[in-house]
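The stops below go in order, each with something to select.

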Amino acid sequence: MTSPLGTLASPRLDISTRHAPSTAGYDTGLLLLHLALGLTMAVHGAQKLFGWFGGPGLDGTGQFFTMSGYPAGRMMAVVAGLSETLGGLGLAVGLLTPLAAAAVVGTMINALAVKWGGGFFAPKGVEYELLLTAGAAALALTGPGRYAVDRLLPGLRAHRMVHGVIALVLGVVLAGTVLLVRK
């Protein structure tokens, strides 16, 4: 069958089908964000826990926490180091994504509180910590995407935004509780 202009007739796709977003593009973008943010946080945690990558280790980090007004500085260094390392690794591979993101958000809220008076820009500002916090919160809300370990686990295959919201509320409440004990 030909059309009046001499071309073959083809079934027309409606506009929503022709311009549908690329889910592969979204999932690949989420994977990139997971890897970059998660590995960055895991390395920061390893600096605190083990002194790797030029970090201060538990003793140095514990002293910093004590000087920043936290009681039991070494214990706080362990909590922050584990939150960053395990939360970061969880984000990197997409495992328990909302909880991993909440661990990062909670830790970064405390980092923001410690650095808050230094303005926005580096070296004393909070733009880096704010970016990590926002990125982790975004991952908690969007979910892991298709390229994540969560997709292999039956109860976690289908991300629900409410899981991300609940995890973020938990992270914020725990961060606030830690801040309440700070002098």
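Helices here are DSSP runs of H or I with at least four residues, strands are runs of E with at least two, and both are numbered from the N terminus. This is a predicted model, in which local features need pLDDT of at least 70 and side-chain atom pairs count only at pLDDT 80 or more, while totals for chains, interfaces and linings use all residues. Residues are numbered from 1 along each chain as its sequence is written, and side-chain values use heavy atoms, with hydrogens and water left out.

Next, select residues 57-67, which form helix 3, and show Gly-57, Leu-58, Thr-61, Gly-62 and Phe-65, its buried residues. Viewed down the helix axis, these buried residues fall within an arc of 145 degrees, so they line one face. The arc is taken over the directions from the helix axis to the C-beta atoms. Buried means under 20% relative accessible area, exposed over 50%, and partly exposed in between (1.4 Å probe, protein chains only). Turn to the other side of helix 3 to find Asp-59, Gln-63 and Met-67 exposed. After the helix, stop at Gly-69, whose phi is positive, near 100 degrees.

Now the salt bridges, each a side-chain nitrogen of Lys or Arg within 4 Å of a carboxyl oxygen of Asp or Glu. How many are there by this rule? The count is four.

- Select Lys-48 and Glu-84: their closest N and O atoms are 3.0 Å apart. Lys-48 sits in helix 2 and Glu-84 in helix 4, so the pair ties together parts 36 residues apart in sequence. Both Lys-48 and Glu-84 are buried.
- Select Arg-74 and Asp-59, where the closest N and O atoms are 2.5 Å apart. Arg-74 belongs to helix 4 and Asp-59 to helix 3, so this bridge ties together parts 15 residues apart in sequence. Arg-74 is partly exposed at 44% relative accessible area, and Asp-59 is exposed at 54%.
- Select Lys-115 and Glu-129, with 3.1 Å between the closest N and O atoms. Lys-115 is in helix 5 (residues 97-115) and Glu-129 in helix 6 (residues 127-142), so the pair ties together parts 14 residues apart in sequence. Lys-115 is partly exposed at 27% relative accessibility, whereas Glu-129 is buried at 9%.

Finally, select the whole chain: its secondary structure comes to seven helices and zero strands. Buried residues make up 36% of its 183 residues.
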